Each structure stands twice: as structure tokens, then as C-alpha cells.
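Biologist: Before I rely on any label attached to this model, I would like to hear how each one was reached. Could you take me through the terms and set the values against them?

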Amino acid sequence: MSTPSKPSGAVQAGGPSVRIGALVPLTRPGWAEAGRHLLAGLELAVRDVNDAGGIGGAPLDLVVRDTAADPRRAEAAVDDLAALGVAALAGEYHSVVARAAATRAAALGLPFLCSSAVLDELTGRSAEGVARIAPAQSHGWRIYGDFLLGAGHRHIAVAADASVYWAAGTGILRDRLAPHGGTVTALDMPALGPSGVCDALAGHRATALLVLTGYPEPAVPLVRAVRRDPRLGGLLIGAPAGQPEFAGWAASLGADGAGVPFLRYLPEHPGPLGIRVGAALRERLAEEPSFVAFEGYDTVTVLAGALRAHGTDRAAIAASWGRTGAEGTRGPVRFSRTPGTGVWQWAWAPVQVADRDPADPARFRVLRAG
């Protein structure tokens with residue numbers, strides 16, 4: 001699928017465009033809701049870049065490929081976009097998919113600025129041409145672990161699907177809680193199902209259950225089952241991967257989806273750029289924009305600066321991350337080499353632990369900032 005963004009009158013009419021490829025999950029089994037927000041941010045930033053004169057007067061075009069949360073499909077998309085002559089790649093939400101795309105892009109010498117995937121080891125080895133806007137999983141999930149400890153939760157259960165991402169998150173939380181006498185018990189979600197998880201929790205000393213599963217299935221039925229089980233009154237439900245921020249969560253669960261702490265990467269008090277972009281995203285999406293939409297916007301903003309400095313020279317862009325930066329919607333973006341990631345990393349985007357207010361599920365509460 002290809003959806004080029006139309007240049008505005010501020011750029012040269014009829015001239016050659018500068019193209020960047022965008023990897024976005026737009027169909028299932030990908031998280032299409034997150035993909036829609038990511039694409040909205042990418043497209044809005046392209047519009048703003050073109051309104052400001054484009055790249056040296058040439059329009060910036062976005063060439064979009066749907067990854068559908070499939071690593072092999074993402075690799076094929078990288079090959080396709082590289083053959084089309086894009087100057088760089090942007091986007092992707094799912095960590096395992098982004099890792100496959102980043103590895104392939106590095107092999108082809110195609111610069112890749114990853115928007116939203118957080119898995120620490122984004123590439124199997126050091127990749128000079130890959131950078132990332134989103135914070136590494138270990139950074140955000142340690143803050144989430146600190147939130148749990150601060151709220152008095154020492155014994156945590158996780159209902160987890162089989163995934164490198166979920167396993168990494170479980171390990172991060174276990175390491176964070178262990179020095180404080182905390183425990184993390186993994187429950188096999190595919191084997192147990194929602195009712196089996198409830199039965200396991202009924203005989204467990206856990207005070208919190210973290211939903212580390214696919215969304216909407218089986219996350220939504222699991223939350224609903226726990227909320228309706230009289231044996232589990234008072235049990236905190238958490239979803240560190242951020243599902244409760246999206247409108248689909250609230251629409252599916254209503255009041256049952258409130259009071260579920262999650263991670264999001266937004267400042268508590270946005271600056272003028274964040275406020276302006278937030279209003280434009282709200283109009284574009286017809287709903288409250290998630291942090292993923294802001295990640296998309298910041299990705300294109302940073303790439304536009306690199307393209308203005310280096311044109312479409314892939315090697316020059318790939319070698320420039322340590323000198324590339326921009327004022328983003330959530331603060332100044334600068335990259336450094338961060339141990340354990342293999343990529344150039346913005347260290348760090350602002351992190352919040354938030355939830356939907358049980359008194360008004362349309363309103364978010366910030367429970368901890370880091």
C-alpha cells in the first residue's frame with residue numbers, strides 16, 4: 001500500500017520529491033489502532049514540513065507500507081522501499097517487527113528512525129544507521145516497577161503470551177522488584193485462558209495482575225473476567241504496554257477499563273509545539289491523540305532536519321545521528337549510544353504512569369512521572 005502525502009503550495013510545484021518510507025501496522029493481527037495514530041503523526045509532520053518549504057524547496061513524500069505485525073512482511077517492505085529509492089525509513093510500532101526491519105535496513109545501508117518500538121536490543125548487533133525515538137523498554141518498565149513498589153505492591157502476577165517482548169518486560173520487573181523482596185509470577189495466558197487465570201489468582205498472594213497479552217484479544221476478555229470475579233476484589237490490574245490509552249480500550253471495557261495503570265511517553269506539561277500539534281492531531285483523528293501519534297510527528301521532524309543537512313545521501317544520513325536533533329513535541333530530541341540497544345537512542349523521552357480515572361474514564365490521571 002502506498003499513500004504519498006501531497007505537497008503544499010509552499011514547495012516547488014512539479015519538482016522531484018524527497019521520499020521517506022514508513023512502516024506502520026494498519027491491519028490485523030497488527031495493532032491497527034496504534035498504527036492509525038502513528039500514521040496520523042507521520043502525515044501531519046510531513047504536511048508541516050512541506051508548509052515550511054519542504055526539503056530545500058522539494059516536497060517531502062511519505063510512502064507507506066502496512067506491516068500487519070509480521071516481521072517477514074516488514075523485511076519485504078524494507079527491500080521494496082529501498083528499491084524505490086527512499087532516502088530513509090521511519091515508523092513501526094511492534095517491537096519484534098521493528099527489530100526485523102532494523103536489521104534488514106542496516107544490512108542494506110538504509111537509515112531507519114524507529115518511532116515506537118521499545119525492545120532494548122532493537123538490532124542483533126551495533127547498527128550505525130539505526131536510531132530510535134521511543135525509550136528502551138528497560139527504562140520505561142523500571143519506572144513502572146518503581147510505581148508498583150511505591151503503591152505497596154510487592155507480589156505481582158503477570159498473565160503473559162509467548163513473546164520476546166513480554167518475556168523481556170517480565171524480566172525487567174522481576175529484577176526491579178527482587179531487591180525489595182518482591183516477586184513476579186508468570187501465568188501462561190494461552191494455556192489458562194481468562195477463567196484459568198482467575199482461578200490461579202484466587203489462590204495466589206499477588207496484589208496486582210499485569211496484562212501482558214495481545215489486544216483486544218485476549219486482553220479485553222481477561223480484564224472483564226477479573227473485574228467480575230468476586231474472589232479478586234481489590235486486585236490491581238495493570239497494562240504497562242499502554243493499551244488503556246486508546247479509545248478502543250475504553251469503548252470495549254467502559255468502567256472496567258478504568259484504574260488500569262499504563263506507560264505512556266508524554267510530558268506532564270506540554271510546551272507550545274506539543275499543544276499546537278496535539279490540537280491538530282485531535283482534529284485529524286477525531287479523538288484524543290496517544291503518545292504514539294506524537295512519536296510519529298517527532299520522527300518526521302527529526303528526519304526532515306537530517307534530510308535538509310544531507311539531502312538523500314543515505315550514508316551521510318546514517319552517519320549523522322550523533323549530530324542530528326530537533327525540537328520535538330515532547331522536548332528536544334538528541335541521540336546518543338546507549339548500552340544494550342545497538343542503536344542511536346533518544347535518552348530519554350518523558351515517561352508517565354497513568355490511568356483512566358474511575359470517576360470519569362474519559363479523563364487520564366498521571367500517577368508517576370519519570
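**Aromatic pairs and their labels**

Modeller: A search of the whole structure finds 10 aromatic pairs, where rings of Phe, Tyr and Trp (its six-membered ring) pair if their centres lie within 6.5 Å, and planes under 30 degrees apart count as stacked, over 60 as edge-to-face and the rest as tilted. This is a predicted model, in which local features need pLDDT of at least 70 and side-chain atom pairs count only at pLDDT 80 or more, while totals for chains, interfaces and linings use all residues. Residues are numbered from 1 along each chain as its sequence is written, and side-chain values use heavy atoms, with hydrogens and water left out.

Biologist: What makes the aromatic pair of W31 and F246 tilted?

Modeller: The centres of W31 and F246 are 4.9 Å apart, and the angle between the planes is 55°, which falls in neither the stacked nor the edge-to-face range and is therefore tilted. W31 lies in the loop between β1 (18–24) and α1 and F246 in the loop between β9 (236–238) and α8 (247–253), so the pair ties together parts that are 215 residues apart in sequence. The helices (H or I, at least four residues) and strands (E, at least two) are DSSP runs, numbered from the N terminus.

Biologist: Why is the pair of F262 and F364 called edge-to-face?

Modeller: The ring centres of F262 and F364 are 6.0 Å apart and the planes stand at 75°, so the pair is edge-to-face. F262 is in strand β10 (residues 262–264) and F364 in strand β15 (residues 360–369), 102 residues apart.

Biologist: How do you know that F364 is buried?

Modeller: Its relative accessible area is 19%, and buried means under 20%, exposed over 50% and partly exposed in between (1.4 Å probe, protein chains only), so F364 counts as buried. For F262 the value is 0%, and that residue is buried as well.

Biologist: What makes the charged end of R264 sit over the ring of F364?

Modeller: The charged end of R264 is 4.9 Å from the ring centre of F364; the label requires NZ of Lys or CZ of Arg within 6 Å of the ring centre and within 35 degrees of the ring normal.

Biologist: How many residues does the largest nonpolar core have?

Modeller: That core has 101 residues, and those with the most contacts inside it are L60, W321 and F335; such a core is a set of buried Ala, Val, Leu, Ile, Met, Phe, Trp, Tyr and Cys residues joined through side-chain atoms within 4.5 Å. The largest share of this core, 11 residues, comes from α10. A second, separate core of 22 residues includes V78, A82, A127 and V130.

Biologist: How many disulfides does a search of the whole structure find?

Modeller: The search finds zero disulfides, a disulfide being a pair of cysteine sulfur atoms within 2.5 Å. C114 counts as buried because its relative accessibility is 0%, and C198 counts as buried at 3%.
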